[in-house]
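Dear colleague,

Please find below the structure that I am handing over to you. My notes on its contents follow directly after it.

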Amino acid sequence: MPESFRRVPAGLTVRAPAKINLHLGVGAPRPDGFHPLETVYTSVGLYDDVLVRPAAAWSLGLTAADHVDADAVPLDDTNIVAAAARALGILHDRPVVAHVEITKGIPVAGGLAGGSADAAAALVALDRLLDLETSDEDLLHLAAQLGSDVPFALYGGHALGTGRGEVVTPLDVNDEPLWWVIVPSSEGLSTPAVYRHFDALSPDAPAEPRSAEHVLKALETGSALALARTLFNDLQAPAIDLRPELGTLIAQGEEAGALRGIVSGSGPTVVFLCGSADEARGVAGALQETGHTALVANGPVAGAHVVAPPTF
């Protein structure tokens, strides 16, 4: 999360990235119903933008890329952006209203934390637009209340996530660019449903999630091949059991030259780590020939940050 942002009174746009879990270890449910996690996040250059402008009343609009199911994004008070505005309003004991326009490039219910990216971008954008001067500590606290992945969307880069994923520790590791092919699905997959299926398939899951130590060591080397060998996701098996075609897709991408394919988070997006930009473009082209949408992105990238203000 950048240390400072320049306030733009007429309006501003904040951009937040998608995330990929390089490691996602899941423990048995806690008494509060949440699963303890040990995860390693990385941010990739697939973004949602949140534009905010002053307004007398709250309003929310949406523009979506072709690979995003716009109908799956609510534009009422159930949208996480509206929840972010309410959280800021409660913290500062004042109404938080604006016209908000979301431009979505991150698939919905795809395991890439698109909703979390929107929430993080909205927190930053509304805070700066209304000159609320919310501290970084308070922003992170609000982010954790909104969702497990929201704090990471503020940070970006590489980070370790613990608790239910909301306790985020940025990692000072080799930041050599990693090249990914991201293959979204035309139909989302419910995160709660995948966790319930994990519980059904793993009734004896340990209380403590699997350690991320192997991924952390691989990141230190800066080697994409070393990292590919250590990628891990406890939710991959239940996601594939629910959607068997995901396993077929992983095999196709690896046959096309990817170092490794893995279900992203709870899915159904599948991501492929590649050895270079050219290799990523080759894998994407091969998958596109079979009818898939395949997006090339690299990372790590910055977390929620102000981009060029709109032209009026």
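In these notes, a contact means heavy atoms within 4.5 Å. Helices (H or I, at least four residues) and strands (E, at least two) are DSSP runs, numbered from the N terminus. A residue is called buried under 20% relative accessible area, exposed over 50% and partly exposed in between (1.4 Å probe, protein chains only).

The model is predicted: local features need pLDDT of at least 70, side-chain atom pairs count only at pLDDT 80 or more, and totals for chains, interfaces and linings use all residues. Residues are numbered from 1 along each chain as its sequence is written, and side-chain values use heavy atoms, with hydrogens and water left out.

Confidence

The average pLDDT of the chain (the predictor's confidence in each residue, from 0 to 100) is 94, and 96% of the residues score at least 70. Over residues 1-8, however, the pLDDT is below 50, although this stretch has 17 contacts in the model beyond near neighbours in sequence. Where pLDDT is low, the predicted coordinates should not be read in detail.

Helix 5 spans residues 191-201, and its buried residues are V194, Y195, H197 and F198. Seen down the helix axis, these fall within an arc of 160 degrees, so they line one face of helix 5; the arc is that of the directions from the helix axis to the C-beta atoms. They pack against strand 1 (12-26), strand 2 and helix 8 (236-242). The exposed residues R196 and A200 are carried on the face turned away from the buried side of helix 5.

H35 is found in the loop between strand 1 and strand 2, and its relative accessibility of 9% makes it count as buried. Its side chain makes a polar contact with the side chain of D199, at 2.7 Å. A polar contact is a pair of N or O atoms within 3.5 Å; within protein, one must be able to donate a hydrogen and the other to accept it, and residues adjacent in sequence count only if both atoms are side-chain atoms. Neighbours within four places in sequence aside, the residues in contact with H35 include Y195, F198 and R164.

Rings and charges

The structure holds 1 aromatic pair. Y41 and F152 form this pair, which is stacked, with 4.6 Å centre to centre and 10 degrees between the planes. Y41 lies in strand 2 (residues 37-53) and F152 in helix 4 (residues 150-155), so the pair ties together parts that are 111 residues apart in sequence. Both Y41 and F152 are buried. Rings of Phe, Tyr and Trp (its six-membered ring) pair if their centres lie within 6.5 Å; planes under 30 degrees apart count as stacked, over 60 as edge-to-face and the rest as tilted.

The charged end of R164 sits over the ring of F34, 5.1 Å from its centre, and that of R15 sits over the ring of Y47, at 5.4 Å. Here, NZ of Lys or CZ of Arg must be within 6 Å of the ring centre and within 35 degrees of the ring normal.

Two further buried residues

H23 has its place in strand 1 and is buried, with a relative accessible area of 2%. A polar atom of its side chain lies 3.4 Å from the backbone oxygen of S211.

D127, in helix 2 (residues 114-129), is buried at a relative accessible area of 3%. Residues up to four places away not counted, D127 touches L88, A122, L132, E133 and T134.

With kind regards
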